[in-house]
2 protein chains.
Amino acid sequence: MAQKGSLLSVREDVRVLDATLRDGGLVNSFNFSDEFVKELYEANVKAGVDYMEFGYRASKELFDESKFGKWKFATDEDIRAIVGDNDTDLKISIMADVGRCDFRNDIKDRSESPVDLIRVACYIHQIPGAIEMIKYCKEKGYEVSCNIMAISKLQESDIAQALEMVCQAGPDCIYIVDSYGSLYPEQISRITEFYQNVTDKYGVALGIHAHNNQQLAFANTIEALKHGVSYLDATMSSMGRGAGNCAMELLLGFLKNPKYSFIPVLKFIETQIPKVKAEGSVWGYDVPYLLTGIMNQHPSAAIECVANKNTNYREFYEGLLDKD
Amino acid sequence: MAQKGSLLSVREDVRVLDATLRDGGLVNSFNFSDEFVKELYEANVKAGVDYMEFGYRASKELFDESKFGKWKFATDEDIRAIVGDNDTDLKISIMADVGRCDFRNDIKDRSESPVDLIRVACYIHQIPGAIEMIKYCKEKGYEVSCNIMAISKLQESDIAQALEMVCQAGPDCIYIVDSYGSLYPEQISRITEFYQNVTDKYGVALGIHAHNNQQLAFANTIEALKHGVSYLDATMSSMGRGAGNCAMELLLGFLKNPKYSFIPVLKFIETQIPKVKAEGSVWGYDVPYLLTGIMNQHPSAAIECVANKNTNYREFYEGLLDKD
């Protein structure tokens with residue numbers, strides 16, 4: 001397939017999205033200090049990052065507020081307390097899960113909100129719910145993406161149908177999401193082409209959200225980029241569920257657009273990441289994540305295994321075989 | 001370029017080489033316990049690994065024996081003490097650096113040695129020395145590879161000339177070596193084709209030795225594999241200089257040939273790797289290695305930075321800029 005751009009050139013369509021608070025929040029139940037969030041915002045602004053995701057906008061009807069930090073709910077008010085009028089080039093995103101977001105009550109008109117982009121996340125059986133939310137958010141004036149999760153378990157004919165349905169709802173972007181960190185670059189290349197067969201017809205951009213179970217989050221991200229994917233998710237020091245995500249420092253070290261600078265990212269990693277680690281947050285490549293990745297399974301068992309400091313990898317693997 | 005094999009198929013030309021003692025020895029000055037080495041040998045045999053590298057055959061005239069463990073010198077006798085007659089399918093390799101190996105004295109006839117493969121490592125200015133050693137080792141009956149190091153700093157016209165010269169000396173294999181962990185998969189793909197333009201004419205196989213500075217050791221290894229590279233270096237739990245190498249557990253988890261099993265590798269990682277870590281050995285991805293990787297520089301400064309627990313990444317990066 002055709003390559004877009006080269007290792008030396010700038011691709012003007014590229015958008016880097018920092019998902020540290022959102023995917024990283026899955027590690028520490030969204031209990032970030034205000035200092036962490038402010039420093040992250042400053043780092044992203046200075047680094048030329050295009051979007052910063054402040055968390056989920058989860059329903060307070062559904063989730064117990066006392067059990068999570070505020071970025072599980074990422075209200076407009078809490079975001080405003082960090083960004084003020086956000087008089088910067090950095091755009092703000094939130095993620096809204098189908099079935100977990102009370103969007104008609106909790107998502108106001110864009111003119112009243114600091115948020116620019118709403119990322120609607122769903123499983124394939126929730127596509128009609130996603131379409132409803134995409135249309136709602138577009139009508140409210142937001143940029144909208146649709147993140148169809150766990151695609152490595154799906155049949156391509158189903159994905160093709162879902163992509164057509166979603167594209168007709170008019171999102172700006174659809175994400176390729178490797179929820180289980182099970183995909184290899186060769187598959188990412190194929191999947192990108194497969195998605196483009198639909199999204200190109202509708203002028204919908206593509207994004208990539210990768211996990212590092214097999215140390216491929218960065219490799220898969222730049223593989224997708226090479227084939228024309230524009231929206232690239234990354235997190236500081238890879239902070240994210242389980243094995244984590246594509247590291248921002250790797251991605252900005254790779255991109256050639258001089259608008260990006262990884263120096264503010266280095267500063268953030270120096271000063272802030274050791275604190276969340278000291279508070280007990282654990283993420284990053286480890287054998288149990290590799291094993292769920294290879295088995296194309298949800299990382300929950302691996303997260304438990306790592307949390308329990310269980311290093312009986314063979315027994316753990318045997319357990320995964322039983323679940324297949 | 002054409003792809004060889006697919007994600008589901010077996011490539012009969014593939015040879016997996018465990019370089020844990022050799023590249024990992026750079027981390028702990030080759031001070032491995034005999035138990036570690038024996039368990040590693042057993043694990044490799046059971047895992048179906050094709051070659052196990054026992055270390056360097058460094059000159060005892062040049063290097064002080066008291067400063068290194070025995071695998072810096074990897075004598076036939078020391079190897080025999082582990083493998084006996086090596087009545088297995090696992091072949092034995094050693095690395096011999098041009099200018100650091102007293103090969104006329106220290107490399108006997110293959111019929112008298114447990115070693116099967118000698119890997120001649122050199123920088124490009126040492127090609128005539130490498131040719132002399134390749135011819136010598138071939139005459140002694142060994143399989144021979146040539147590992148031209150630090151190619152990311154070289155001009156392609158020089159590499160092309162070196163490849164012609166080396167191929168004419170008749171090695172079995174030439175390795176693509178990303179000494180600084182600076183190469184991206186897209187470059188690996190290009191370099192593979194570039195090497196093949198010469199090696200295919202001579203029927204010489206290709207190998208890949210990758211480093212993990214940018215979390216790309218595994219990705220680069222399977223990218224090279226996809227384009228026809230046959231000899232794949234890996235180490236247990238990535239153990240190797242600086243950011244380490246392609247992890248054996250990732251590689252065997254990927255390869256589809258049923259002769260490979262990663263269960264013995266998991267056992268080895270469970271039981272032996274924690275011990276070497278407890279003894280103070282440090283390796284694996286960290287920001288300073290990323291920075292030397294991006295800068296295409298030798299990892300020595302990063303190794304010092306990590307050893308000193310210096311996390312002032314910006315200052316470290318500034319220092320690298322001055323060396324460029």
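**Close-up views of a predicted two-chain model**

**Figure 1. Polar contacts between chain B and chain A.** Between chain B and chain A, 10 residue pairs are in polar contact, both residues of each pair having pLDDT of 80 or more. The structure shown is a predicted model. On the side of chain B that touches chain A, at least two residues each come from helix H7 (185-202), helix H8 (217-226), helix H9 (248-254), helix H10 (263-271), helix H12 (287-294) and helix H14 (313-323) of chain B. H10(B) supplies the largest share of that side, 5 residues. By residue class, the side of chain B that touches chain A comprises 20 nonpolar, 9 polar and 7 charged residues.

**Figure 2. The area buried between chain B and chain A.** To this contact, chain B contributes 36 residues and chain A contributes 36 residues. About 3,400 Å² is buried between chain B and chain A, and 66% of it lies on carbon and sulfur atoms. Within chain B, the residues that lose the most area to chain A are B:Glu186, B:Glu270 and B:Arg314, which together account for 19% of what that side buries.

**Figure 3. Salt bridges across the interface.** The interface of chain B and chain A contains 2 salt bridges. In one of them, B:Arg314 is joined to A:Glu270, with the closest N and O atoms 2.8 Å apart. A salt bridge also forms between the side chains of B:Glu270 and A:Arg314, at 2.8 Å from N to O. This pair crosses between chains, with B:Glu270 in helix H10 of chain B and A:Arg314 in helix H14 (residues 313-323) of chain A. B:Glu270 counts as buried because its relative accessibility is 13%, under the cut-off of 20%. A:Arg314, at 29% relative accessibility, counts as partly exposed.

**Figure 4. Salt bridges of A:Glu143 within chain A.** Over all chains, the structure holds 36 salt bridges. The side chain of A:Glu143 meets that of A:Lys91 in a salt bridge of 2.6 Å, N to O. Distant parts of the chain are linked by this pair: A:Glu143 belongs to strand S5 (residues 143-148) of chain A and A:Lys91 to strand S3 (residues 91-97) of chain A, 52 residues apart. A:Glu143 has 13% relative accessibility and therefore counts as buried, whereas A:Lys91, at 30%, counts as partly exposed. A:Glu143 also forms a salt bridge with A:Arg110, at 3.9 Å from N to O. Here strand S5 of chain A is linked to the loop between helix H4 (103-106) and strand S4 (117-122) of chain A, where A:Arg110 lies 33 residues from A:Glu143. The relative accessibility of A:Arg110 is 25%, so A:Arg110 counts as partly exposed.

Figure 5. S4(A) is largely enclosed by the rest of the structure, because 6 of its 6 residues are buried. In a regular strand, side chains alternate between the two faces of the sheet. Both faces of S4(A) are covered, with buried A:Leu117, A:Arg119 and A:Ala121 on one side and buried A:Ile118, A:Val120 and A:Cys122 on the other. S4(A) pairs with S3(A) in the parallel sense over 5 bridges, and A:Val120 is the bridge partner of A:Ala96. S4(A) also pairs with S5(A) in the parallel sense, over 6 bridges; A:Asn147 in S5(A) is the bridge partner of A:Ala121.

**Figure 6. A salt-bridge network in chain A.** Salt bridges link A:Arg22, A:Asp23, A:Glu53, A:Arg119 and A:Asp233 in a network. One of these residues, A:Arg119, is buried in S4(A), on the side that also holds A:Leu117 and A:Ala121.

How values were computed:
Residues are numbered from 1 along each chain as its sequence is written. Chains are lettered from A and ligands numbered from 1 in the order in which they are written. This is a predicted model: local features need pLDDT of at least 70, side-chain atom pairs count only at pLDDT 80 or more; totals for chains, interfaces and linings use all residues. Side-chain values use heavy atoms; hydrogens and water are left out. Contact means heavy atoms within 4.5 Å. Buried area is the accessible area (1.4 Å probe) that two parts lose on being put together, summed over both. A salt bridge is a side-chain nitrogen of Lys or Arg within 4 Å of a carboxyl oxygen of Asp or Glu. A polar contact is a pair of N or O atoms within 3.5 Å; within protein, one must be able to donate a hydrogen and the other to accept it, and residues adjacent in sequence count only if both atoms are side-chain atoms. Helices (H or I, at least four residues) and strands (E, at least two) are DSSP runs, numbered from the N terminus. Ala, Val, Leu, Ile, Met, Phe, Trp, Tyr, Cys and Pro count as nonpolar, Asp, Glu, Lys and Arg as charged, and the others, Gly among them, as polar. Buried means under 20% relative accessible area, exposed over 50%, partly exposed in between (1.4 Å probe, protein chains only). Two strands pair if DSSP finds at least two bridges between them.
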